[in-house]
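Please read it alongside the sequence and the structure.

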Amino acid sequence: MRARSHAVLAASVVLALAAGPLAAPAFAAPPAPASRSADQRGPAEEALRAAVAGLPNQYATAALVRVGTPGGDWHGSAGVRDLASGRAAHPDARFRAGSVTKVVTAATVLRLAAQDVIDLHAPVQGYLPDLFTPDFEQPISVRHLLNHTSGIKPGDGLGDDFAELYSHRYETLTPQQVAASAIAKGPEDFVPGTRQQYLNINYTILGLLIEKVTGRSYASEATRLVLRPAGMHDTYFPGTDPRIRGPHNRGYQAVERPDGTTRLVDVTEWNQADRWAAGNMISTTADLERLLTKLFRGRIVPQPELEEMFTTPAGVPGATLSAGLEYQEADGQVFWGKSGGRYGYSAFIGGTRDLSRTLVCAVNSTDAKGTGRNPVIDAITAAALQ
């Protein structure tokens, strides 16, 4: 890969890592991936070790990284399990995967579509008549929810900034309440299918759809249809439990004091029930790597439904989001992935569709919900793409 193109790609993926999907750049539909069969390079091990060296620092307290290449794989960890003890970070730690949960939700919906339980073309109003009001006259298809072109307004949360959210961290806001608050704001911001706007509400409603058509809980169906087939034995949905069960590295948020100095607030325990099918999954890097590889190989979602995950909506300017994934393109290569961020935890999975290059990482960022760049994540991404 040429140096300039490599830098462009690294910066692009880093933005997704640091802040989730941003305003969509002016990409056309994803091009066909170039053949990289002759590329037998292994991971840049020295660069990867350097990327995670020196933790904890002001940007992160721990990092877990898994890189896959034609020439071999690299697994590494750095940092501490908690600041109080200074013990080395647990290499197999569980963490909050944030919006990477959407990959599992999308795969669950697509498996149900493959079984003719869900029709991707059908209006979701028909599936959930008790949720939508008559004001929603424009049909919103299941596919519109999957690729974030529904136009539905965002649901309410438990606060607008870290201080307010932190004070309510043990309270429960149900997905049903979140969805109802969104619908109460009235009809769509735009005609469904004409624009792409990344919002959690799309996947909250998909979770309700899964429960309605199956008669079972979202967690049980996502586990049955995706987690078990992928071999994700250390992944689970905590519901209203604020804890992370099993081995984990604690998460921290940097908070500025009145005198301008910064303190780190432990944010490990947090009831995130309102994130639900959009972002309330706890996982490991090994499990997410299994998800990535088995999903891309067609072992979870069958054809043709799998194509929904590698197809952006036609006729939508600047669309980069598909069903559960997002693409970045540079130097003839297309990378598909998904980032996630909850306070204290940043996560990412992604790679080329042929899996010739993959990256799965979890970084205990000290400003995981911030919009700025994180140098630790920058360095990991750049090293992984060498």
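Is Tyr166 buried, partly exposed or exposed? Tyr166 is partly exposed, because its relative accessible area is 21% and buried means under 20%, exposed over 50% and partly exposed in between (1.4 Å probe, protein chains only). The model is predicted: local features need pLDDT of at least 70, side-chain atom pairs count only at pLDDT 80 or more, and totals for chains, interfaces and linings use all residues. Residues are numbered from 1 along each chain as its sequence is written, and side-chain values use heavy atoms, without hydrogens and water.

**Aromatic pairs**

- The whole structure holds eleven aromatic pairs, a pair being rings of Phe, Tyr or Trp (its six-membered ring) with centres within 6.5 Å; planes under 30 degrees apart are stacked, over 60 edge-to-face and the rest tilted.
- Phe162 and Tyr343 are edge-to-face, because their planes are at 65 degrees, with the centres 5.0 Å apart.
- Phe162 belongs to helix 6 (residues 162–167) and Tyr343 to the loop between strand 8 (333–342) and strand 9 (345–352), so this pair ties together parts 181 residues apart in sequence; helices (H or I, at least four residues) and strands (E, at least two) are DSSP runs, numbered from the N terminus.
- Both Phe162 and Tyr343 are buried.
- Tyr166 and Trp270 also pair edge-to-face, at 6.0 Å centre to centre and 65 degrees between the planes.
- Trp270 is buried, with a relative accessible area of 6%.
- Phe162, Tyr166, Trp270 and Tyr343 make up one aromatic cluster.

**Charges over rings**

- The charged end of Arg169 sits over the ring of Tyr166, 3.8 Å from its centre; the criterion is NZ of Lys or CZ of Arg within 6 Å of the ring centre and within 35 degrees of the ring normal.
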